[in-house]
Amino acid sequence: MNTRGPTSNQIQKQGQALQPISQHELAVQAAIELINTQHRLGLSLTIWDKNLNKISGKFKSMADLLRNPDFISKLSQDLYVSNNNDTTWFKLRLKNGKLAAITFLLTLHINWIKIINKTFYSYDFIVVGYTPGDGNAEVATTVIPRSDVTPEKIVKHFPQLIGQTATPTKEAGKLICYMLTQYLVDPKPNTLEHYGFKQGFAKNLKGQFQFNPAKMLPEEILPYMPIALTSRQYPIGCQREGGEEVTPILDPLFSEQKDFQILLLNRLGSWHSSFFARKDVYADNILIVKPTAEVPVSLSVAMLKNTRYDSLDAAPIGPNIKPLKFDLETVSDGMVVAIDVFAADKVKKAEKGYDLLISDATGATDNSNGVHHISALISEYADLYIPKELRCVLEFADTSVEYSAEAYKVALKRLDANLIKRTERSCNNGDFIKVFNNYIDEIRSNIPDKIPHSKHNTYVMLITALRMYNEWYTPLFCPDIEQYIQEWLCSQEQEIQPLYDVICSDFGLHFNKKLADGYFRFTLKDEVTQVDKGTHTIVVDRAKCRVYVETADTYEIAKDEMTSVDNPEIVPAALYSGEYLPHNAKDEKSIRIAAISSDGVPYPLYVHAISYKLLTQENKLRFDLLDKEANLFKYDEIPREGFLPLIKTVDGRFAGKMLRYAAEESNIYFGTGKTGSGKSWAIAQLICMLFMLGQIVVVFDVSGSYTKEKLLKMLPAEVVEKLFKFINVGAEYGMDMIPIDLGSLRGCETLPDKKRAIYSVLRAATGPIDKGTSRKLKGFLSDYLKDKEYSVSLNNLCSELEKTGGFGAGVADCVQSVLDDINEVGYEEQTWDDLFLQERKIIVINLGNEVGDSTHQLLDMMVGSLFNWQMSHDSGFLSIAIDELIDQDFSTGSPLQTIVKQGRKFHTALIGATQDYYNQGSSYLDVMKQANMKSFCRPGKSEDRVAQKLGYSNAVDAGFNKFKAGDTILEFDGYNKETGENEALTIKGRVVNFVETPLFEKFKEIYGF
């Protein structure tokens, strides 16, 4: 049996600061005597005085101690003894060596202990699992605050011990403190747990990121935790391993549902609100979700609420605002969800709740209590009260829901548990902070200009949440969800509509749909317009930007289509109020125009003169096409021979040019537009169509726009495989030899033919030369080429030129550098004839990335050689495409300038594109402005100037601000099916996609697809 125990003072001090303090004053003399006795008897003694201060030594047994007369005779002491398991304790009182009393103190077995929020100096709680008494006593758990770890207070946390003995509780408390001290002084890692005092992710006392409330905290500790923390549930019920793939769980619920995906991104973003705040990104807008029959309140709550999972309830917006106020003050890294059930005429009852949310949103950037969240309000009318700069309204369109709110709640609880686990693990053992912050920096520096400033933080949070989801899981969201988010946020700055505006919007929606669906016929207004009453004919007055609609048609839409009105008569009044109808002195809503029936009977037609302002851009474009009917073809009407489709209009029809060999018309194509506007994509479609029309097509790629990899992104794989041959001369993409011999004379039957062939190559290499040098060079070639038959060595020719001195040396010097490059890569000993016979494909010659180079000698030499070949073999069309026109030589006499000026005589066309139509730094590009096919995608600069060149007043009038990639205004010679001629035409639409044309069907027939 051991005689040992804790000191009273020691444990009490440790309950406060865990610092052992020795107090020996009350037993110094006894200690000296005991130590002397120990030495004399040769025993090891461990013994404590009445204050449980350790003296020294240890006896083998209590009997050895008590049998020693010398020791006993001098001993007056209280001794605490225990069994070998330290579970049952007694107190022995000795007086002058005699045993005065034996007192039972307690029986207690400590099974386990958890120390909450331990630091070097302190802790908050101890959670103890223990068994009171011996035998079959039930196991119990207790929680002890640090302040109660004292002999006087601690026993009350062990109620099962009270009554075991009549001994004062302080005696038992002294021993319990001693027993706990064994765990507190040097705790094992598995006994330590942490929790924060507010919700969300934060660093715990071990310096690790942890979500609060923490996972699996002992239930007994809950009464001691702040209510702000206990009000939040950890989704432990659905916890899985951190690597679980959640997309298969969520996909059935959210696939293709973009509005639902926006709700999900808000939920995802809310989990990291505190991380956003560290980057000065705050949820300064309230998400207002409008419920519908398909998407009731409970379903929206299930998709948004991530603070509790035991119900589908949420805080009401009023009149009792305490629950909402509590959530706004406590929820961090989560969603604050409120429900508004009030009708529009009872908004007063919700005003206090609205004001709370408004105050929360406006104060998001200065939240002194460190609570960060996203707020959502499920309401039909809150957007009428909350300012537009503080709200984002989500209205569900034709949304179909197959699953219950409970199914969403269960699936999203599983997502939440997984997301917490991933965040903790990635913060502590990965690079979450770095990746997350990098996404924010990238997104914040590339916010589209069209997004209102008040929505910037919302945009950053949603897109970052999207990127982080894709970082951790397989894709779930729609490919165009970012564009959808942009459009949604852009729509938020619209003013709240009064009643008449709502009616006008409703009418405009149905009216525009009927226009797009072909319900109405169109005719242009004339002095007397031919129209039969009751035929749903709209008279278009382009001069006044109006359309004249029969009054009966207006009332029919109001009666049959609109849900916002009961009386159709209110629609003209609303249109008049909104200035969609012309005002007059009598405030008349309808007017009459002069009409004549198809039978030749004149009559007054009563109409509503609706302004273009009510029309969609697509419908305005339809009216612009009314005088172009002769130039437009439905798919089945497209001529199958010689017709090149160039543009597709808003109504799905095509316009293009008829390519006729005998006409010797210019077919130069010049595309312009900013980066990403669709220029390269347009040329890729164009060259495929030209090839399928039987042309020879050669592409010189100087910027890497038409590598095989990039063409596979623009065209179907089978088209790229069957129609294209790639020759990579540029070192960046390969090192094929130059495909032809630039010194070849094959096909040149006369000396002038030979001179022209070699002169064009030399002129391309030298750049501009004066007339005197040109004359001397041609004279030199007359002598040099007399006896040459099949080919000329350009190196030898240069050597001979150098010998002439003067002009010859200068020419040779200019040519020699490019000849060195040719010698480096080599060339095939064949002509263009051989190449085209061998490869009946579109030839793509990649010359490396030359954009920005001051010279393009090899390009010019090959183009000059190719054009010279065409002049000698003119039996069909040749199209030469250059992907990026910048700094090339368009000076007088250069191959490119000659093709633009004279190419039509030899059925040769140049196809090229550049970013800016007006570019002061490239005056040579003015030559390309002579092209008779000019495609204007969205300009990179000088938008107004380009718009005015096309006949519009400014860029907005031209619609450039709404252009997407592939949208264009085409100025060209369009084929007129009535006259059978190509005539000047300017038309707006989209670049034609090769696969949408009959030429693609021809491709499939020829190549067996």
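Predicted model: local features only at pLDDT ≥ 70, side-chain atom pairs only at ≥ 80, totals over all residues.
Helices (H or I, at least four residues) and strands (E, at least two) are DSSP runs numbered from the N terminus.

Back to β27. Leu878, Ile880 and Ile882 point one way from the strand, Ser879 and Ala881 point the other way, and all are buried. Strands of a sheet pair through backbone hydrogen bonds, either parallel or antiparallel; here, two strands count as paired if DSSP finds at least two bridges between them. Strand β24 (residues 696–701) runs parallel to β27, joined by five bridges, and Phe700 sits opposite Ile882. Strand β28 (residues 908–914) also pairs with β27 in the parallel sense, over five bridges, with Ile880 opposite Leu910. To get from β27 to β28 the chain goes through helix α30 (residues 895–902), in a right-handed β-α-β crossover (with the strands pointing away from the viewer, the path from the first strand over the helix to the second runs clockwise).

Now for another sheet. This one is open, with six strands in the order β15-β17-β18-β20-β19-β16 and mixed pairing. Its edges are β15 (521–524) and β16 (529–530), each pairing on one side only. Inside, β18 (residues 546–550) and β20 (residues 602–611) run antiparallel, joined by five bridges, and Val549 faces His608 across that pair. Helix α18 (residues 551–560) packs on the sheet and touches β18 and β20, its direction making about 80 degrees with that of β18. Contact means heavy atoms within 4.5 Å.

Last, a helix pair. Helix α7 (residues 247–254) packs against α13 (residues 405–429) at about 145 degrees, with the axes 10 Å apart; axes are lines fitted to C-alpha atoms, for helices over the stretch in contact, and angles run from 0 to 180 degrees between N-to-C directions. From α7 come Ile249, Leu250, Leu253 and Phe254, and from α13 Ala407, Tyr408, Ala411, Leu412, Arg414 and Leu415.

Notes
Residues numbered from 1 in each chain as written. Heavy atoms only, no water. Buried < 20%, exposed > 50% of the residue type's maximum accessible area, 1.4 Å probe, protein only.
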